[in-house]
Structure formats: C-alpha cells, structure tokens
Amino acid sequence: MSMGWILAAALFLPLFPLSLAFNRLVASLPPGLAQALAVLALPQCGLGLLRLAPPVSALPVAVRHWGMAWAVLSAFLYAFRTLSAREIGVWTRLLLSSGLALAWLGWWNGTPLPVLEVLVFGWTWPAAIMLWLVGALVRRLGGAYAGLQGGIVRVMPRMAASLTLAVLALAATPVFPAFFATWRTFSPLLINWVPFLLPLLFFWGWASARLFQDLLFGRYRGETVPDLSRGSALLMNLLLLASLILNFYPNGVG
C-alpha cells in the first residue's frame, strides 16, 4: 500500500509517465484562471497524499536511489520536450513538470514535507501567472503560439514585460524562488548527483531564450489588439516579485 500512495501522489505532483494525467487534466480546463488555479492546487494535493505514505527512511535504500534517478530522468525528459513546444500553455506545463519532478528528488532524500510545500509553491506560482497570461493572449489573438505573430513587444509592451518576468521566474533564474528551491534540493545530495543541476539550468534557459526569440522579437504579423491593462500588468508583476519572500523561508528554499 505504501507504493500505492506514492503512485497516487505522482498523478498530482508530476512524475513521468503518471504526469501525463496531470498535464491532460490541466489542458482540459479553459485557458487562463482555471488552469492557473489547477497548477497551484494539484501539486499540493500530491504532497498531501505523500503524507499518507510511510517515512522515506523506512523504504529500502535501493528503492530510494531508484526513486531519485526516476525524478532526475523525469526532470530532464520534460526539460528537453520544452525545447520543441510552440504553444505557450504547453511550454509552461512542460517546464513546470520538469521543475516539480525535483520535489520528488527532495522527498526521496528525506526533505521534510513543509519544506517541499514551499519548494513546490516556488514553481507553481510563476506557472500560474504564466497560464493566466496565456489566457489573456488567447482572448486577444485567438491562440498563444510562439512564432505565430512574433514581435508582440511592439504592440503589447505590458504583456511582453509581464511574460518576460514570468518566464524568468519559471525558468529558475537566480533571484527567483525556483532557482533556490532547485539548489536546495541538490545541495544535500552526494556529489555524484550535483552535476545534474547545471545541465537542467541550461535546458531551462535555452527553452526560455527560444520562447523570447519567437514570441517577443521580430516583426509582428497579427492584427492590432489591446495591450494588457496597466492594472493587470502591475498586479502580475507585483505577484511575481512578492514570491521572492519565499527565499527567506527558514530552512526552506533560500
């Protein structure tokens, strides 16, 4: 039954291949607020199910090592898949799935669940804001595809600025909680696990650079549409900056 709780948790806290259910469920919801709330709530439900699982220390060492390897492999798989994603909502879910897989790395290594809750929130918060912005793009453009219109910084500068900040937060850029959460997950591990951190950061940064190139820059090829309102842009940016407080959580991600 112990593995049953772990597998059930992996349905909500993405871990390949059970993460397919998580991504399909989020994708089935309307773009915007519904998807944003889903990515905030579902991973926390997964952590709640892990509370019902036995302590990691009670599991065989071999099982724990295989679990850690599974988490790292899942993170790399989704990071690599992000490079080919063109729809921004899909891009967001793939990058989020890559980051959340590292929560499993921490769990298998014995990280307390309250610390993992903060770690997970550091990833889901910018993803939720990204998905809200994706909903706003869909309402304006009929879709949210990188490279379809291009150059939105020229016609929607506030939207472009909000998307840029959200992408940087989601891609674990230093200063934002996802970076410190990732570092804190790897730092207690044996030295042979730590080298996996830099390639992950490279993939996340590469995926972000491709998204910026295809979405923000170049010549805009769509119709003139209204920009994000000043109030909405200010709120989104303040919410992203407010997440920096997670860096100061005691024994947490900072």
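1. Let me start with proline 17, which sits in the loop between helix H1 (2–12) and helix H2 (19–27). Helices here are DSSP runs of H or I with at least four residues, numbered from the N terminus. A cis peptide bond joins phenylalanine 16 to proline 17, with omega at about 5 degrees.

2. A word on the ground rules. This is a predicted model, where local features need pLDDT of at least 70 and side-chain atom pairs count only at pLDDT 80 or more, while totals for chains, interfaces and linings use all residues. Residues are numbered from 1 along each chain as its sequence is written, and side-chain values use heavy atoms, with hydrogens and water left out.

3. The loop between helix H8 (157–170) and helix H9 (177–186) contains alanine 172. Its phi is near 60 degrees, a positive value in a residue other than glycine. Alanine 172 counts as buried because its relative accessibility is 3%; buried means under 20% relative accessible area, exposed over 50%, and partly exposed in between (1.4 Å probe, protein chains only).

4. Valine 175 lies in the loop between H8 and H9 too. Valine 175 is not a glycine, yet has a positive phi of about 100 degrees.

5. Now for the helix pairs. The axes of helix H5 (residues 88–108) and helix H10 (residues 197–215) come within 12 Å and cross at roughly 165 degrees. That makes H5 roughly antiparallel to H10. For reference, axes are lines fitted to C-alpha atoms, for helices over the stretch in contact, and angles run from 0 to 180 degrees between N-to-C directions. Angles over 145 degrees count as roughly antiparallel, under 35 as roughly parallel, 65 to 115 as roughly perpendicular and the rest as oblique. H5 and H10 cross in a left-handed sense, meaning that the near helix is turned anticlockwise from the far one by less than a right angle.

6. Helix H6 (residues 113–141) and H11 have axes that come within 10 Å and cross at roughly 165 degrees. H6 and H11 are therefore roughly antiparallel to each other, and the crossing of H6 past H11 is left-handed.

7. Finally, leucine 238 belongs to helix H11 (residues 230–242). Leucine 238 is partly exposed, as its relative accessible area is 48%. Together with Leu234 and Leu241, Leu238 forms a nonpolar patch on the surface, with about 290 Å² of accessible area in total. Patches are made of residues with over 30% relative accessible area and no salt bridge, with nonpolar side chains (Val, Leu, Ile, Met, Phe, Trp, Tyr) joined within 5 Å and like charges within 9 Å. A salt bridge is a side-chain nitrogen of Lys or Arg within 4 Å of a carboxyl oxygen of Asp or Glu. Accessible areas come from the Shrake-Rupley method with a 1.4 Å probe, and for residues only the protein chains shown count as cover.

Definitions and conventions
Helix = DSSP H or I, 4+ residues; strand = E, 2+ residues; numbered from the N terminus.
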